[in-house]
Amino acid sequence: MGFISNFQNKGCVDGGGGGFVKGLIRRKQVDAARSRSSSSSSSDCDSANQKHHPELAKALTVPHLIAIGVGSTIGAGVYILVGTVAREHSGPALTFSFLIAGIAAALSAFCYAELASRCPSAGSAYHYSYICVGEGVAWLIGWALILEYTIGGSAVARGISPNLALLFGGADSLPSFLARYSIPGLGIVVDPCAAILVFVVTGLLCVGIKESTMVQGVITLANICAMIFVIVAGGYLGFKTGWPGYELPVGYFPFGVDGMLAGASTVFFAYIGFDSVASTAEEVRNPQRDLPMGIGFALSICCSLYMLVSAVIVGLVPYYAMDPDTPISSAFASHGIKWAANIITVGASTALCSTLMGSLLPQPRILMAMARDGLLPSFFQDVSKSTKVPIKSTLVTGLLAGTLAFFMDVEQLSGMVSVGTLLAFTMVAISVLILRYVPPDEVPIPSSLQSAIDSVALLYDSSSSSDVFVEKTKVNTLPDVITPLLVSKHASPEPSFIETSLAKACFFVNEENRRKVAGWTIMLICVGVLLLTSAASNLYLNSSLRYTICGIGGVLLLFGLMVLTCIDQDDARHNFGYAGGFICPFVPLLPIACILINVYLLINLGAATWTRVSIWLLIGVLVYLIYGRRHSSLSDAVYVPAAHVDEIYRKNSADLLA
């Protein structure tokens with residue numbers, strides 16, 4: 001079987017039968033890889049044989065990315081969340097809850113950092129899923145992210161007006177044209193202030209990415225200054241009063257370690273937001289260096305501030321006496337410093353404004369990425385020539401979010417925000433496993449290059465046998481951990497049956513079937529995680545059934561971890577996207593831990609939240625079936641071996657020059 005018979009028509013997908021299934025799993029090429037591989041061709045030929053999308057401005061550096069990450073992550077939640085979590089879950093151990101949640105968030109950040117530097121294109125988790133998993137999953141991730149950012153921005157905007165009212169003197173002190181009021185007979189409370197703020201931020205985002213990021217940086221700096229005030233002034237009060245919150249007879253863990261871990265699950269959502277950095281990847285000047293640094297520094301700053309603020313507040317007031325609604329300001333008020341409430345209110349207001357910008361920034365870029373791939377109308381991919389911003393997508397996003405913020409009390413829908421984020425985190429971790437063990441070995445080529453494909457295919461078919469396209473079988477060497485157990489004469493205990501069987505199994509996994517083994521293993525890991533987390537979270541199941549399901553899920557999970565640890569990672573990963581960027585450490589352990597944590601949090605969001613999200617996802621499925629599947633840019637693509645993509649483009653360029 002040669003080049004033509006194996007690959008020439010493999011990517012053509014039609015609408016029926018097996019073609020529909022192929023459409024769901026078809027994967028696109030890394031956008032960055034296309035520009036890299038064609039860099040050696042002349043610009044005239046390149047413009048003739050490729051369809052260029054309007055480019056975004058390359059304007060962002062590490063400080064801009066830190067401003068986006070910190071501004072999108074630190075919201076008013078920290079000003080409220082500390083009271084509720086301390087009273088109900090963690091007690092004085094709240095600082096450890098923030099630390100554990102920060103470590104869990106860092107697992108996702110490591111995965112994001114590798115994919116963002118390898119695939120620096122707009123779309124974030126949607127883009128990574130499309131490359132590594134397939135079109136169907138990518139569509140659902142993109143559709144879920146649209147919901148997340150729309151409702152998230154609206155909910156944040158609705159929370160700003162009450163804080164601004166406090167600065168004017170009270171809950172009803174806003175000017176009449178900004179104050180909330182009820183529509184008689186409908187029971188709807190409209191919020192003009194929220195809608196106006198959304199429209200102002202939308203206009204700012206249309207000006208330019210660098211300008212809007214600078215404004216967000218200033219607002220974020222004001223928020224950080226307010227938090228530093230809380231840390232410094234609160235620390236002074238703590239040392240002066242002897243830290244009464246820590247002088248408790250119940251100890252540091254009044255709810256036990258389980259309570260601290262439950263608190264960590266709750267405050268984990270205070271870290272979601274750093275993924276906004278990845279959505280701006282196409283606008284970063286040096287993505288291989290700046291994106292990992294921006295994500296890492298932003299998360300580190302947020303975790304440090306969260307831990308310091310929580311350590312101070314739970315030390316000023318006993319956890320059981322904390323106000324669940326205004327824990328920080330009430331802690332200062334209990335020590336006679338009521339004027340500090342104004343500074344804290346300013347911090348909460350600036351935090352909300354910065355989070356609003358962070359919520360509205362990524363969605364236009366996701367809409368643009370989906371439109372580029374043909375899954376949404378081309379209207380959304382238009383980029384302004386002057387500002388280099390997807391202005392139409394930005395205006396649609398602002399109009400929709402502003403309308404929701406004006407008419408709807410979206411607090412009851414705010415749980416849906418977490419679904420999109422956690423789904424994205426999960427798919428990014430799965431994408432890292434796929435990238436390392438089963439990276440795409442075939443990539444789509446436009447059907448307009450069919451003549452070049454035929455020429456290269458005939459060249460190889462006539463000059464060599466099919467062995468040219470099949471690498472020699474490569475037997476994996478035994479892992480360093482297992483080999484000594486089998487060959488060392490001084491190993492006192494005999495290797496266990498599991499160790500011996502696993503070593504023998506790894507020895508017989510060769511290059512020809514390694515990809516199949518790795519692919520099935522990744523699928524078994526996902527099934528094991530789903531079984532384990534579902535059974536562990538469902539307290540209504542019979543105990544014996546629950547433990548059985550947990551055991552099956554745990555066995556699948558551990559088996560998958562051991563298999564992936566033993567077999568080699570695919571050498572093709574080195575040629576995936578851009579090289580020289582961040583490499584996620586501790587693979588496969590770290591991505592698997594990330595999947596486990598995020599799926600557990602997803603399942604525990606509640607039935608009501610999942611019911612609402614399911615309705616939205618069902619609408620997305622219908623939109624995909626009616627429009628996206630038929631207009632996908634891959635609908636007429638031809639899939640060829642990844643090793644021969646550059647040669648096909650060079651052949652096409654040479655033909656055009658001739």
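In this predicted model, Cys584 has 3% relative accessibility and therefore counts as buried. Cys225, by contrast, counts as partly exposed because its relative accessibility is 46%.

| Residue | Relative accessibility | Class |
|---|---|---|
| Cys584 | 3% | buried |
| Cys225 | 46% | partly exposed |

**Cysteine pairing**

A disulfide requires two cysteine sulfur atoms within 2.5 Å. By this rule, the structure has zero disulfides. Cys584 takes part in no disulfide, and the nearest cysteine sulfur, belonging to Cys111, lies 4.4 Å away.

**Helix 7 and helix 19**

Helix 7 spans residues 94–118 and helix 19 spans residues 415–437. Their axes come within 9 Å and cross at roughly 60°, and the two helices are therefore oblique to each other. The crossing of helix 7 with helix 19 is left-handed.

**Helix 8**

Helix 8 covers residues 125–132, and it is largely enclosed by the rest of the structure because eight of its eight residues are buried. Among them are the tyrosines Tyr126, Tyr128 and Tyr130, together with His127 and Cys132. After helix 8 comes Gly134, which has a positive phi near 155°.

Definitions and conventions. Residues numbered from 1 in each chain as written. Predicted model: local features only at pLDDT ≥ 70, side-chain atom pairs only at ≥ 80, totals over all residues. Heavy atoms only, no water. Buried < 20%, exposed > 50% of the residue type's maximum accessible area, 1.4 Å probe, protein only. Axes fitted to C-alpha atoms, helices over the stretch in contact; angles between N-to-C directions. Helix = DSSP H or I, 4+ residues; strand = E, 2+ residues; numbered from the N terminus. Parallel < 35°, antiparallel > 145°, perpendicular 65-115°, else oblique. Left-handed = near helix turned anticlockwise from the far one by under 90°.
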